[in-house]
Amino acid sequence: MREREDEWTDLMRSAISGDDAAYHRLLKAITPVLRAAARRGLARAGQPVDQSEDIVQDILLAVHLKRQTWDTNAPFAPWLFAIARNKLIDALRRRGKRIFVNIDDFAETLPGETPEPTASPGEVTAQLQALPPRQRDVLQSIAVDSTSIKDTAAKFSMTEGAVRVALHRGLASLTEKLRDR
Amino acid sequence: MDTDQLIRTLAADNAYRARPIGLALMLALLAAAPVSLLIFFAELGVRPDVMTAMHNPFFDLKFAVTLALAASAIAVSLHLSRPEASLRSFGWWLLIPAGILVAAISGEMMMPQRTPMMTRLIGKNSMACMTAIPAMSLPLLVGALYGLRQGAPARPAVAGAVAGLLSAGLAATVYASHCTDDSPLFVATWYTLATAIVASVGALMGKRALRY
């Protein structure tokens, strides 16, 4: 488990110094751990576990938008689990459940335990439709149609810089909508 | 959007770099400062005898207290903007201004005084102090919260209260140059009350504004 967490720290350091592939790998690697913990939290609160994917996406968005608060000299896992715990508590509170979420719920997930997503998550998709048209089109193109930034720019006759700005703003306002819903 | 698609999208946004929180906080405070200074110069102004007052160590000590409050609250604010941080390791920093104040009070106690203790404590400017510090703090507090929104505090209300402390510390530093009450007893009473008001407002505002 120590090894796994050291690997995350290394990947996040590379990501911050500009390695997009490392960042992709890191997000892929943490997702099953987050999913398992979200399920455990939902189960303990007596909630259907098939809502876990919305929570996972919530956590991933927060990780992405708050990564500047991670101290690159510190290990990555405690930072990640603090964010995940906060988001899980938030999600359960929104469902009217007040439960104690232990940090160990995240740390104790075994590396072999890799649950697959169950129900398709609805909340991000729903909020996507409420975004300003330009942000929505860019996000749709990159996320759903998996078009590259370059091709998306060509498709909407925008500059690549403008696509990047719309992409980031879209992710930020998506997160804001999820928080304030 | 399934999770794999979301992950790919986040990775595509990896090039985006947010401002470091320290910088964001500083810029937001710099933007808010003119509003507070405008309130100060329009309503209060520096006391006329400031040049002689500067030779009074108790006049200077007011600035030591308020600046220590502002500086320690800024440091704690930046610390609390990290999701895994708590007050436990850094909270004692906030005791530094209180310590200076206690030392100043004991210093004053040991000196011969022309006016009785209660007169010094009540002073002449208590109402001005209680309104001016919160009024001048408010723009700074809004600025501070705006800057700190870059962060991810585990307890937004606590982080908001500390943002209140930092804005009250800055506002009180400016206000201290107007106020003719220099007794540490006055500072300990009225500055503290005014600061507590601002910290409570900060906690209420932060609870909403600093959620992430």
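## Chain B at a glance

The C-alpha trace of chain B spans about 75 × 35 × 25 Å along its principal axes.

This is a predicted model, in which local features need pLDDT of at least 70 and side-chain atom pairs count only at pLDDT 80 or more, while totals for chains, interfaces and linings use all residues. Residues are numbered from 1 along each chain as its sequence is written, and chains are lettered from A and ligands numbered from 1 in the order in which they are written. Chain B averages a pLDDT (the predictor's confidence in each residue, from 0 to 100) of 93, and 100% of its residues score at least 70. For the complex, the predictor gives an ipTM of 0.89 and a pTM of 0.89.

## Chain A and its two domains

Chain A has nine helices and zero strands, running α-α-α-α-α-α-α-α-α from the N terminus. The chain is divided into domain 1 (2-117) and domain 2 (124-180), with bounds that come from an automatic or database domain assignment. Five residues of domain 1 of chain A are in contact with six residues of domain 2; contact here means that the C-beta atoms of two residues, placed from the backbone, lie within 7 Å. On the domain 1 side, the touching residues are two nonpolar, two polar and one charged. In this count Ala, Val, Leu, Ile, Met, Phe, Trp, Tyr, Cys and Pro are nonpolar, Asp, Glu, Lys and Arg are charged, and the others, Gly among them, are polar.

In chain B, 47% of the 212 residues count as buried, and in chain A buried residues make up 41% of 181. A residue is buried if 20 or more other C-beta atoms lie within 10 Å of its own, exposed if 12 or fewer, and partly exposed in between; the C-beta atoms are placed from the backbone.

Among contacts in chain B with a separation of 6 or more, 90% join residues 24 or more positions apart. For chain A, the share joining residues at least 24 apart is 63% of the contacts between residues at least 6 apart.

## A look at helix α9 of chain A

Helix α9 (residues 160-180) of chain A has 21 residues and reaches 30 Å from its first C-alpha to its last. That is close to the 30 Å expected at 1.5 Å a residue, the expected span being 1.5 Å times one less than the number of residues. Its buried residues include A:Val163, A:Leu167, A:Leu171 and A:Leu174. What covers the buried residues of this helix includes α3 (52-65) and α8 (149-155) of chain A, together with α1 (3-12) of chain B.

## The core and the interface

Which residues touch the most other members of the largest nonpolar core? Of its 110 residues, they are B:Ile133, B:Ala144, B:Val162 and B:Tyr175. Such a core is a set of buried Ala, Val, Leu, Ile, Met, Phe, Trp, Tyr and Cys residues joined through C-beta atoms within 7 Å.

Where the chains meet, the contact takes 28 residues from chain B and 38 residues from chain A. Helix α1(B) supplies the largest share of the chain B side, nine residues. That side divides into 15 nonpolar, seven polar and six charged residues.

Definitions and conventions. Helix = DSSP H or I, 4+ residues; strand = E, 2+ residues; numbered from the N terminus.
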